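Here are my notes for you, in numbered points. Please keep the sequence and the model open beside them as you read.

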Amino acid sequence: MVENPFESPHYRALTQLYPLQMDAEEYAVAKELDRALESADAVYREIFPGSATTTLERWEDLYELGHSGSLEVRHQDLLEAINRDSGIAERHYKALAAAIGFDIDIVKPPRMFRAGLSRAGFAIYDPDEQYTWTVKCSRYRNHCLDLIQTLESQKIPFTKIRWEFQPLKKIFLETGETLLTESNKPILLEE
């Protein structure tokens, strides 16, 4: 079966650029360009969850979804799961902390009521508070320097992290000590 060369958009383009008689070699080049473009388009569709087909199951596995329903329903469920996971992506930061040996809890920023003034005339909310999230770690601050550096470097740029660590005073309340030493150097605790 002989293919119609004018079905290839690249063949038509090449005939405009190269107005001499096109032969089988030029036609093969045009067909290869067609295949490359089709392949690039297919990859482009797969990188977006809303249009993925061959990688849809992998996307669903990532977001712990089932593989049932029509393609349209599966895309809708996947996009809803991605939107639920947006924001500071708590599970990603917890996994990052676990990878370097820390167990943390994350308190998401509050959903602020954004209108109104106090009786003194001041705004009743801090607009920056909605971009501040709290990381709680059961270790002491001086043992968490790697964690602090890692999460601070990976956080979303316009956000802030409020850190909560185990207080050092708790040691003294439990043991009755009044002075803490680390590496044979005394550490003074504020009263």
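1. Is Glu-64 buried or exposed? With a relative accessible area of 73%, Glu-64 is exposed; I use buried for under 20% relative accessible area, exposed for over 50% and partly exposed for what lies in between, with a 1.4 Å probe and protein chains only. Glu-64 is found in the loop between helix H3 (56-62) and helix H4 (71-84). Its phi is near 55°, a positive value in a residue other than glycine. For context, most residues other than glycine have a negative phi.

2. A word on the basis of these notes. This is a predicted model, in which local features need pLDDT of at least 70 and side-chain atom pairs count only at pLDDT 80 or more, while totals for chains, interfaces and linings use all residues. Residues are numbered from 1 along each chain as its sequence is written, and side-chain values use heavy atoms, with hydrogens and water left out.

3. Now the overall picture. The protein has seven helices and five strands, which run α-α-α-α-α-β-β-α-β-α-β-β from the N terminus on; helices (H or I, at least four residues) and strands (E, at least two) are DSSP runs, numbered from the N terminus. Of its 191 residues, 25% count as buried. The accessible surface comes to about 14300 Å², and 55% of that belongs to carbon and sulfur atoms; these areas come from the Shrake-Rupley method with a 1.4 Å probe, and for residues only the protein chains shown count as cover. Among contacts (heavy atoms within 4.5 Å) between residues at least 6 apart in sequence, 43% join residues at least 24 apart.

4. Please look next at the packing of H5 on H6. Helix H5 (residues 90-99) and helix H6 (residues 145-154) pack at an angle of about 145°, and their axes are 10 Å apart. The axes are lines fitted to C-alpha atoms, for helices over the stretch in contact, and angles run from 0 to 180 degrees between N-to-C directions. On the H5 side, Tyr-93, Leu-96 and Ala-97 meet Leu-147, Thr-150, Leu-151 and Gln-154 of H6. The residues of this contact divide into five nonpolar, two polar and no charged. In this count Ala, Val, Leu, Ile, Met, Phe, Trp, Tyr, Cys and Pro are nonpolar, Asp, Glu, Lys and Arg are charged, and the others, Gly among them, are polar.

5. What covers H6? Its buried residues include Leu-147, Ile-148, Thr-150 and Leu-151, and their cover includes H5, strand E1 (104-107), E2 and strand E3 (160-164). Ile-148 counts as buried at 15% relative accessibility. Leaving aside neighbours within four places in sequence, Ile-148 is in contact with Arg-141, Trp-163 and Phe-165. The C-alpha atoms of Ile-148 and Ile-161 are separated by 9.3 Å, with the two residues 13 residues apart along the chain.

6. The aromatic residues deserve a point of their own. The structure holds three aromatic pairs; rings of Phe, Tyr and Trp (its six-membered ring) pair if their centres lie within 6.5 Å, and planes under 30 degrees apart count as stacked, over 60 as edge-to-face and the rest as tilted. One of the pairs is edge-to-face, because the rings of Tyr-44 and Phe-48 have their centres 5.0 Å apart and their planes at 75°. Here Tyr-44 is exposed, at 52% relative accessibility, and Phe-48 is partly exposed, at 39%.

7. Another pair brings us back to H5. The rings of Tyr-93 and Trp-133 have their centres 4.9 Å apart and their planes at 40°, so this pair is tilted. The pair links distant parts of the chain, with Tyr-93 in helix H5 and Trp-133 in strand E2 (residues 132-137), 40 residues apart. Tyr-93 is buried at 8% relative accessibility, and Trp-133 is buried at 0%.

8. Arg-74 lies in helix H4 and, at 14% relative accessibility, counts as buried. Not counting residues up to four places away in sequence, Arg-74 touches Leu-56, Glu-57, Glu-60, His-67, Ser-68 and Gly-69.
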